[in-house]
Amino acid sequence: MNSFALPDDAGKIMLQAVALAEQGKGQTAPNPCVGAVLTQDGRIVARGHHRGPGLPHAEVEVLQDAAHQGIDPKECILWVTLEPCNHTGRTPPCTQAVVQAGIRRVVVGTADPNPRVIGGGIDHLRNNGVQVVVGVAEQACRDLIADFRTWIDSPLPYLYLKLACTLDGRIATRSGDSQWISNARSRQMVHTLRSRVGAVMVGAGTFRADDPRLTCRLSEADRPPDQLTDQSANPQTQPLAIVVGSKLPDSVSNFYLLRERPEETIFWTTETAAQNTTAERLRALGARVWGAGSGGQVDLKACLTRLRSELGVMDVLCEGGGRLAQHVITAGLVGEWWLFLATKTLGDARAVPLLSGAEVPSMADAWSWRTCRVRELDGDLMLVLRPESTPPHDNDASGGKDGCSPA
């Protein structure tokens with residue numbers, strides 16, 4: 001037989017492996033995040049997760065943990081969020097390690113989506129006498145590797161969208177004041193998210209209004225024990241800062257990014273603006289200016305593709321404002337949305353809305369989102385959302401709704 005009966009709490013056990021895998025977020029690219037546990041008599045006795053390229057995979061880590069504790073893996077069930085690899089890369093095949101360890105029962109969260117290897121690991125295990133069950137807590141395991149699927153299916157980096165708003169959906173007052181909508185705990189979680197990515201992106205309007213640093217300011221002392229990742233930011237490897245807009249800032253303006261981080265800052269603008277004297281002055285300061293798009297529209301997909309191919313950035317965080325956020329949604333670029341809801345209301349129709357710039361004639365044309373996680377953060381609510389469907393809008397990257405010209 002190629003399968004076996006699962007315990008009633010199988011989903012909960014796999015979610016423990018998912019939580020372990022989350023600890024590798026921001027460190028494993030271009031590999032997926034993977035977690036693994038061993039259970040004996042229904043109890044988790046060993047744990048492991050993939051920590052980075054070239055380092056042991058989750059299956060090897062959990063076997064090492066078992067060996068350290070004197071646990072015989074032959075008597076255990078292996079639970080792993082992703083199909084074990086069956087090919088040699090920087091490390092030997094995990095299927096080989098599983099078979100050599102004498103494990104006879106394996107539970108897999110989801111198959112590997114890579115078309116070059118899909119099913120190969122599962123088939124190898126079964127051909128070597130291992131019973132395999134596939135598809136436990138599958139949606140959570142698939143969500144875990146949404147970034148990996150983006151990397152193998154497209155030339156784009158994976159894009160997180162972060163916004164904070166009041167209960168009535170406003171991100172600033174009518175005067176533009178937005179500090180602070182969310183509380184300190186929520187802002188700390190934003191720095192956790194920044195620690196995962198290679199670049200943080202804002203629109204030109206946010207750049208001018210807020211004069212942001214776009215750095216990760218997260219220390220060991222700041223990290224709560226239940227944080228989604230076990231990383232802290234290395235001040236030597238801050239994320240790049242990206243400013244999107246058809247109008248470039250004056251190079252003599254006293255903005256933080258121009259004053260303190262010009263070499264780590266990239267301006268995405270139109271092809272015409274990228275050739276003017278303002279662009280040359282910004283380059284003289286050390287900043288990069290990339291031109292893509294025309295007619296006042298910045299081609300976001302072209303810039304994101306270049307960011308990955310030229311600079312190796314695999315994950316990007318878009319922090320808005322509302323027009324840029326709507327553009328990345330309309331373009332189908334959002335992998336997951338971290339929305340922070342503050343328990344405040346403004347009740348002002350002229351306050352700045354959460355999203356803007358789209359024309360939606362009916363509710364049938366609305367974007368649908370799937371709620372993956374809800375957390376309470378000292379009164380704020382944090383929602384992690386994923387796109388469930390894309391309405392029939394034009395997502396042509398060459399212009400139209402995929403272009404962006406935030407004020």
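Analyst: Start with I242. Bear in mind that the model is predicted.

User: Why is I242 called buried?

Analyst: Its relative accessible area is 0%. Buried means under 20%. I242 is therefore buried.

User: How far apart are the C-alpha atoms of I242 and T265?

Analyst: They are separated by 5.8 Å. Along the chain, I242 and T265 are 23 residues apart.

User: How do you know that β9 and β10 pair?

Analyst: Pairing needs at least two bridges. Four bridges join β9 (residues 240-244) to β10, and the strands run parallel. V243 stands opposite F267 in β10.

User: What makes β10, α10 and β11 a right-handed unit?

Analyst: The test views the strands pointing away and asks whether the path from the first strand over the helix to the second runs clockwise. β10, helix α10 (residues 277-285) and β11 make a right-handed β-α-β unit.

User: Why is β10 described as mostly covered?

Analyst: Five of the five residues in β10 (residues 265-269) are buried. Buried means under 20% relative accessible area. Both faces are covered: T265, F267 and T269 are buried on one side, I266 and W268 on the other.

User: What makes a set of residues a nonpolar core, and which residues have the most contacts inside the largest one?

Analyst: Buried residues of the nonpolar types must be joined through side-chain atoms within 4.5 Å. The largest core has 59 residues. Those with the most contacts inside it are L38, L78, I103, V106, F267, W338 and F340. Helix α2 (residues 58-68) gives the most to this core, with four residues. Apart from it lies another core, of 39 residues, among them L163, I266, V313 and L339. In soluble globular proteins, nonpolar side chains tend to be buried together.

User: What covers the buried residues of α2?

Analyst: The cover includes β1 (35-40), β2 (43-49), β3 (77-82) and α3 (94-100). The buried residues in α2 are A58, E59, E61, V62, L63 and A66. Just after α2, G70 takes a positive phi of about 75°.

User: What makes a space a cavity rather than a pocket?

Analyst: In a cavity, a 1.4 Å probe fits but cannot get out; a pocket is an open set. The structure holds two cavities of 30 Å³ or more. About 40 Å³ of space lies in the largest cavity. Among the residues that line the largest cavity are K25, D147, W151, Y160 and D315. The largest pocket has a volume of about 1,100 Å³. Of the 41 residues lining the largest pocket, K162, S178, T206, D210 and E319 are the closest to its centre. Helix α7 gives the most to that lining, with six residues.

User: Why is D211 called partly exposed?

Analyst: Its relative accessible area is 29%. Buried is under 20% and exposed is over 50%. D211 is therefore partly exposed. D211 is found in the loop between α8 and β9. D211 also has a positive phi of about 45° although it is not a glycine.

User: Why is A137 put in the class that D211 has?

Analyst: A137 has a relative accessible area of 24%. That falls between the cut-offs of 20% and 50%, so A137 is partly exposed. Phi of A137 is near 50°, a positive value in a residue other than glycine. Most residues other than glycine have a negative phi, and most peptide bonds are trans.

User: Which peptide bonds are cis?

Analyst: P30 is found in the loop between α1 (10-22) and β1. The bond from Q179 to W180 is also cis, with omega near 0°. W180 lies in the loop between β7 and α7.

How values were computed
Residues numbered from 1 in each chain as written. Predicted model: local features only at pLDDT ≥ 70, side-chain atom pairs only at ≥ 80, totals over all residues. Heavy atoms only, no water. Buried < 20%, exposed > 50% of the residue type's maximum accessible area, 1.4 Å probe, protein only. Helix = DSSP H or I, 4+ residues; strand = E, 2+ residues; numbered from the N terminus. 1 Å grid on protein atoms, 1.4 Å probe; cavity = no way out; pocket = protein on both sides within 12 Å on 5 of 7 lines; lining within 4 Å. Points joined across faces, edges and corners; volume = space filled by probe spheres on them. Contact = heavy atoms within 4.5 Å.
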